[in-house]
Amino acid sequence: MMTIPNIITLSRIFLIPVFVALYYFQPAYTHTPIFTWINFSLTGAYAFISSTDYVDGYLARRLNMTSQLGTFLDPVADKLIVSVALVMLVDFYPSNTHWYISVAALIIISREILVSALREWMGTIGQRSSVNVSSIGKVKTFVQIFAILFLLYQQPFFGLPSFEIGVVLLMAATLLTLWSGFIYLREGVKTFDN
């Protein structure tokens, strides 16, 4: 069913190629990143795509437009934009000097695949509700979004070092990722037979 929330969710998915294109249009930086309109647009595109996650969920509940399509599309859109952004950051920050970004990206993306597979399994046995999004998962998503935003921004943010803030938030998001992943896995294991 093509409701307003579902259209917003789909627009999030369709904007991902725009985000990727903007990333590759960035100038070739040497030592210090030069803030350009492309960098501003790249950060703005990610901020916009991420903010629509709240908007579509809010509208679906407020307008009583929840649907099976929306329930399927929303987490797919979230995982796609986060995974794409993390891959772009790994590409941007060399792993020989910024290995911790690569490790964090691997952990976060691996957890997303694991939880998606777990939800699929739980759905096949009629236990999907036992692996619904937890409050820790929501906090993890929030911290992740801001970590990626700061790492994309690259320039001082009101005098504060964006890169360092982004790294601290990314490490926090990684810890929350492990914690929430463990919670999902613990609930899922309860349904496994011998």
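This is a predicted model: local features need pLDDT of at least 70, side-chain atom pairs count only at pLDDT 80 or more; totals for chains, interfaces and linings use all residues.
# Helices, cores and aromatic pairs

Visitor: Which residues of the largest nonpolar core touch the most other members?

Guide: A nonpolar core is a set of buried Ala, Val, Leu, Ile, Met, Phe, Trp, Tyr and Cys residues joined through side-chain atoms within 4.5 Å. Buried means under 20% relative accessible area, exposed over 50% and partly exposed in between, with a 1.4 Å probe and protein chains only. In the largest core, which has 28 residues, the members that touch the most others are Phe 19, Tyr 46, Ile 148 and Leu 170.

Visitor: Which helices each supply at least two residues of this core?

Guide: Helices (H or I, at least four residues) and strands (E, at least two) are DSSP runs, numbered from the N terminus. At least two core residues each come from helix 2, helix 3, helix 4, helix 5 (99–124), helix 6 (135–153) and helix 7 (162–189).

Visitor: With which residues is Phe 19 in contact, leaving aside neighbours within four places in sequence?

Guide: Phe 19 is buried, with a relative accessible area of 0%. Contact means heavy atoms within 4.5 Å. By that rule Phe 19 is in contact with Leu 42, Tyr 46, Ile 49, Ile 81, Val 84, Ala 85, Met 88 and Leu 152.

Visitor: What is the angle between the planes of Phe 19 and Tyr 46?

Guide: Rings of Phe, Tyr and Trp (its six-membered ring) pair if their centres lie within 6.5 Å; planes under 30 degrees apart count as stacked, over 60 as edge-to-face and the rest as tilted. The count comes to six aromatic pairs. Phe 19 and Tyr 46 form a tilted pair, 5.8 Å centre to centre, with an angle between the planes of 45°.

Visitor: How many residues apart in sequence are the parts tied together by Phe 19 and Tyr 46?

Guide: Tyr 46 is buried, at a relative accessible area of 0%. Because Phe 19 lies in helix 2 and Tyr 46 in helix 3, the pair ties together parts whose separation in sequence is 27 residues.

Visitor: Is Phe 142 buried or exposed?

Guide: Phe 142 and Phe 146 both lie in helix 6, four residues apart, about one turn of the helix. Phe 146 counts as partly exposed, at 36% relative accessibility. Phe 142 has 53% relative accessibility and so counts as exposed.

Visitor: Where is Thr 52?

Guide: Thr 52 is buried, with a relative accessible area of 7%. A polar atom of the Thr 52 side chain lies 2.6 Å from the backbone oxygen of Ile 49. Leaving aside neighbours within four places in sequence, Thr 52 is in contact with Ile 8 and Arg 12. Its place, residues 37–62, is helix 3.

Visitor: With which side chain does the side chain of Asp 91 make a polar contact?

Guide: A polar contact is a pair of N or O atoms within 3.5 Å; within protein, one must be able to donate a hydrogen and the other to accept it, and residues adjacent in sequence count only if both atoms are side-chain atoms. Asp 91 is found in helix 4 (residues 68–92) and is partly exposed, with a relative accessible area of 47%. Not counting residues up to four places away in sequence, Asp 91 touches Tyr 23 and Tyr 24. The polar contact, at 2.5 Å, is with the side chain of Tyr 23.

Visitor: How many Å apart are the end C-alpha atoms of helix 4?

Guide: The expected span of a helix is 1.5 Å times one less than its number of residues. The 25 residues of helix 4 should therefore span 36 Å, which agrees with an end-to-end C-alpha distance of 37 Å.

Terms used: Residues are numbered from 1 along each chain as its sequence is written. Side-chain values use heavy atoms; hydrogens and water are left out.
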